[in-house]
Amino acid sequence: MTTLVLSAEFWEDYTMKFRFLPNNPEPTMSPANWHSWNWQLRQSLKTKSQYQEFFDSKGYPLTESEIKGFDQGQKIFQVRTTPYYANLVQGVDDPIRRILMPTQQELFSKDEQGAQHLHDPLGEKKNQTAPRIIHRYSDRALFLVTDFCSVYCRYCTRKHFTAQDEVFPNEKEYEASLAYLRSKTGLREVILSGGDPLTLSNAQLQRVLSDLRKIEHLEIIRIGTRMPVVCPMRIDEDLLKIIRQNKPVFMMTHFNHPRELTAEAAMAIESIVDHGIPVMNQMVLLNGVNNHAAIVQALSRRLLYLRVKPYYMFQCDPSEGTNHLRTSIEESEAIQKELWGHLSGLAMPNLSIDIPEGGGKAAIVPNFELSRSTQQRKYRGWDGVQADYINPATTVKVLPRDWEHYAVEWSALKEAKVKP
Ligand code: SF4
């Protein structure tokens, strides 16, 4: 297995602009173990006493709220983290700590009057069309290849499935899922999700990817993963070769905070991109974690520098026990508006809300329009410039002469719409 080594070239190139600092293990831990992803998974913290021991040794013990969260919170969602990710925590009131530690607020928030607490916020169960398949949109489907994650994020939207110890599908489920994907000829994309697909072994991933590649109508495969964030040592040469062999595959990462971009994570991303695998990042706006324009811009610019497109900035879903972690829609809009114009389009993530019960995504964009008529619209831009956009006088619409060349594939895509 290839281990992650921070090369001199990497330092020269990537510490010039931004300081991607290594996440150093405790001096008592062997670097060879620390840089092994299997070791990170085996040594994951799961129990209150393991967390207690870990954070006591760092000088910031468990809070009363966290202790209560452990004693009762596991009923809402399991607790687990890699030592690598826990080692990013710097103190008690820390953004990364809020992502990984259960607290009493999880339980309080469940009882808050009028608060929305959905076991399945995205209505995935009703769009489950085969054992591990969620098919909501016309041309793409989710394939839940494992329910296991190396870190159980407290805001997780898929608590109805994740952490149920179902791991890789059994043969019957696997074949039924593939049969479904084969039968839906309108499908163009499959998103490997879970759980975290990169917690599977290389052999399992090879099997899944090559089976999907044999399905002729599939064009794009996406892998949704938090492993580059919470266990970047997973990104080794063998894995990248497998992914590359099955191209085009997009890697959808899930960085939420600039401090998650350590030297190790930056190097992992660097290797992914160097293997020709496009990387897009989906962040979730979280109260006390990243709900400030300064933090979002810092994350986005660093990601872009590493050739990762900041793709989505999600409004946190109303998953059970997440009220204290959610921002209001107004606050999210204000953050987006503040960033607008200061961040390039390349660095700007799209603010989006997932309509509960499986309504799909609703884009949220700042409103710059002051008034409209048939002839013109009046705008005020991000920095106050006001101007009119006059509609073109042309009244004869000209269709591109070759549009029919693409009409058949367009109709097929629209007809692939799944009826719930
Ligand atoms: S990695 Fe994703 S699926 Fe797993 S717990 Fe975190 S948010 Fe949920």
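Let me begin with strand S7, which is mostly covered, since 5 of its 7 residues are buried. Please keep in mind throughout that what we have on screen is a predicted model.

Now, if we step back, how many strands form the open sheet? There are 10 of them, in the order S1-S2-S3-S4-S5-S6-S7-S8-S9-S10, and the pairing is mixed. The edges are strand S1, at 128-130, and strand S10, at 360-363, each of which pairs on one side only. Lying across strand S7, at 279-285, and strand S8, at 308-315, you will find helix H14, residues 293-305, which runs at about 150 degrees to S8.

Let me turn to the domains. The domain assignment of the protein chain gives domain 1, covering 15-106, and domain 2, covering 125-362, and the centres of the two, taken over C-alpha atoms, are separated by 22 Å. The contact between them takes 30 residues from domain 1 and 30 residues from domain 2. On the side of domain 1 that touches domain 2, at least two residues each are supplied by helix H3 (37-42), helix H6 (83-86), helix H7 (95-100) and helix H8 (104-111), with the largest share, 5 residues, coming from H7. If we sort the residues of that side by kind, they divide into 17 nonpolar, 9 polar and 4 charged.

That leads us to the largest nonpolar core, which has 84 residues, and in which Ala141, Phe143, Ala266 and Ile269 are those with the most contacts inside it. Helix H13, residues 263-274, gives the largest share of this core, namely 7 residues.

Finally, let us follow the chain to a later stretch. Strand S11, residues 369-372, and strand S12, residues 376-380, pair in the antiparallel sense over 3 bridges, forming a hairpin with 3 residues between them, and here Ser371 has Lys378 in S12 as its bridge partner. S12 is in turn joined to S13 by 5 bridges, again with the strands running antiparallel, and in this case the bridge partner of Tyr379 is Ala387 in S13. The hairpin of S12 and S13 has 5 residues between the strands, and in it Gly384 takes a positive phi near 100 degrees.

My last stop is Pro400, which is placed in the loop between strand S13 (386-390) and helix H16 (407-415). Is Pro400 buried or exposed? A residue counts as exposed if 12 or fewer other C-beta atoms lie within 10 Å of its own, and Pro400 has 8 within that distance, so it is exposed. Between Pro400 and Glu415 there are 15 residues in sequence and 23 Å in space, C-alpha to C-alpha.

Notes
Residues are numbered from 1 along each chain as its sequence is written. This is a predicted model: local features need pLDDT of at least 70, side-chain atom pairs count only at pLDDT 80 or more; totals for chains, interfaces and linings use all residues. A nonpolar core is a set of buried Ala, Val, Leu, Ile, Met, Phe, Trp, Tyr and Cys residues joined through C-beta atoms within 7 Å. A residue is buried if 20 or more other C-beta atoms lie within 10 Å of its own, exposed if 12 or fewer, and partly exposed in between; C-beta atoms are placed from the backbone. Helices (H or I, at least four residues) and strands (E, at least two) are DSSP runs, numbered from the N terminus. Two strands pair if DSSP finds at least two bridges between them. Two residues are in contact if their C-beta atoms, placed from the backbone, lie within 7 Å. Axes are lines fitted to C-alpha atoms, for helices over the stretch in contact, and angles run from 0 to 180 degrees between N-to-C directions. Domain bounds come from an automatic or database domain assignment. Ala, Val, Leu, Ile, Met, Phe, Trp, Tyr, Cys and Pro count as nonpolar, Asp, Glu, Lys and Arg as charged, and the others, Gly among them, as polar.
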